[in-house]
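Q: I have a model open and would like to learn how to read a few of its features. Where do we start?

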Amino acid sequence: MPNSLNPFELIARRWQPSARFVQRAALATVVMAVVIVVTGGAVRLTQSGLGCDTWPKCTSGSLTPTSDMGIHGAIEFGNRMLTYVLCAVIGLLIIAARARTPVRRSLTRLGWAQFWIVMGNAVVGGITVLTGLNPYIVSSHFLLSSALLTVAVATWWRAREGDAEPRDLVAVPVRQLTRLLIAATGVLIVIGTVVTGAGPHAGDARKVHRIPLNWQEITQLHVDFVYIVLGLTVALWFTLRAVKAPAAQRRTVLELLVVLLLQGVVGYVQYFTHLPEVVVGIHMLGSCLVWIAVLRVLLAQRERAALPAAVPAPTGGHETVQAEPAASSR
């Protein structure tokens, strides 16, 4: 097929998105990744997990919920429809990154990675329904959503950088401490999914299999890791101060600390008020914000400059010369 018929080429000929547009499209994927987690939590907290009792249809005879399924069917089906909105936003990012000159191959690859994670998670969501809300499948469904959020944040950050090789802005020990913080936060989130799988909010009013653990004991382990993450965050902040790291890097750590403290308050409120649905939903939103904040701490410790722009040689031949490096988009 001739290049002129390539749909991306046709779009690029008629539309040249700005760098700011691409950045906003990337940020929109982050927002939608958070929205899909929160609405998925709303499905569980309203006991609508089996509002549509099969997959990919809503019922064995209908693609959409029927009137006799009530509000639970509408909530579950509405969450399924949000997947299409998420795919549309990711598609916009891919098209914008591909249409822009020069083409940002790194962004298109990250955009496609998001798309395939969404597709995989849609299948896992279907398995969740077909297995009657198996708690282990539900947990994997949430963890895949966290993986999507990770790639979305990385995409947003890359959209604000150049395409040169990354350059570390901190010493190796600081990077190692940061990676330890990332790992501890990841474990914290995984334990949180176990609490969810063992806790009282099963996702449906009917009897649903739960992870056979005492959810209160698992919650205590979850709290222990909160303190570990808090301690590592404070240690990292003091380390950055000691090495006189740039203010931007220290600021990301302070932002993480604020989010962790607020999330801790919400966690204690939900525990001592016996897990009201609204507070649990806010806690799920907080978990997304914690993960975004900790990823920003890591990403702020490096920079990528823009690649030098190739310009035609003044001789009129086919050779090119390298212009001075352009300033980073960040």
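The dialogue below covers salt bridges, a helix pair and a surface patch in this predicted model.

Q: How many salt bridges are there?
A: Side chains of opposite charge can pair when their charged atoms come close. In this structure the count comes to nine salt bridges.

Q: Where do Arg80 and Glu76 stand in helix α3?
A: Arg80 and Glu76 are about one helical turn apart, because four residues separate them in α3. Their side chains meet in a salt bridge, 3.0 Å from N to O. Arg80 is buried, with 13% relative accessibility, and Glu76 is buried at 7%.

Q: Is Asp168 buried, partly exposed or exposed?
A: Asp168 counts as partly exposed, because its relative accessibility is 44% and that class lies between 20% and 50%. Asp168 forms a salt bridge with Arg175, with the closest N and O atoms 3.9 Å apart. Arg175 is buried, at 11% relative accessible area.

Q: Which residues are linked in a network of salt bridges?
A: The network links Arg104, Arg158, Glu161, Asp163, Arg302 and Arg304. Within it, Glu161 and Arg158 form a salt bridge whose closest N and O atoms are 3.5 Å apart. Both Glu161 and Arg158 are buried.

Q: At what angle do helices α7 and α8 pack?
A: Helix α7 (residues 215-242) packs against helix α8 (residues 247-272) at about 160°, with the axes 10 Å apart. So α7 is roughly antiparallel to α8. The crossing is left-handed.

Q: Which residues make the nonpolar surface patch?
A: Trp55, Val123, Ile127 and Leu130 make a patch of about 340 Å². Trp55 lies in the loop between α2 (19-45) and α3 (70-99) and is partly exposed, with a relative accessible area of 31%.

Terms used: Residues numbered from 1 in each chain as written. Predicted model: local features only at pLDDT ≥ 70, side-chain atom pairs only at ≥ 80, totals over all residues. Heavy atoms only, no water. Patch = residues over 30% accessible without salt bridge, like charges linked within 9 Å, V, L, I, M, F, W, Y side chains within 5 Å. Areas by Shrake-Rupley, 256 points an atom, 1.4 Å probe, with all protein chains shown as cover. Salt bridge = Lys/Arg side-chain N within 4 Å of Asp/Glu carboxyl O. Helix = DSSP H or I, 4+ residues; strand = E, 2+ residues; numbered from the N terminus. Buried < 20%, exposed > 50% of the residue type's maximum accessible area, 1.4 Å probe, protein only. Axes fitted to C-alpha atoms, helices over the stretch in contact; angles between N-to-C directions. Parallel < 35°, antiparallel > 145°, perpendicular 65-115°, else oblique. Left-handed = near helix turned anticlockwise from the far one by under 90°.
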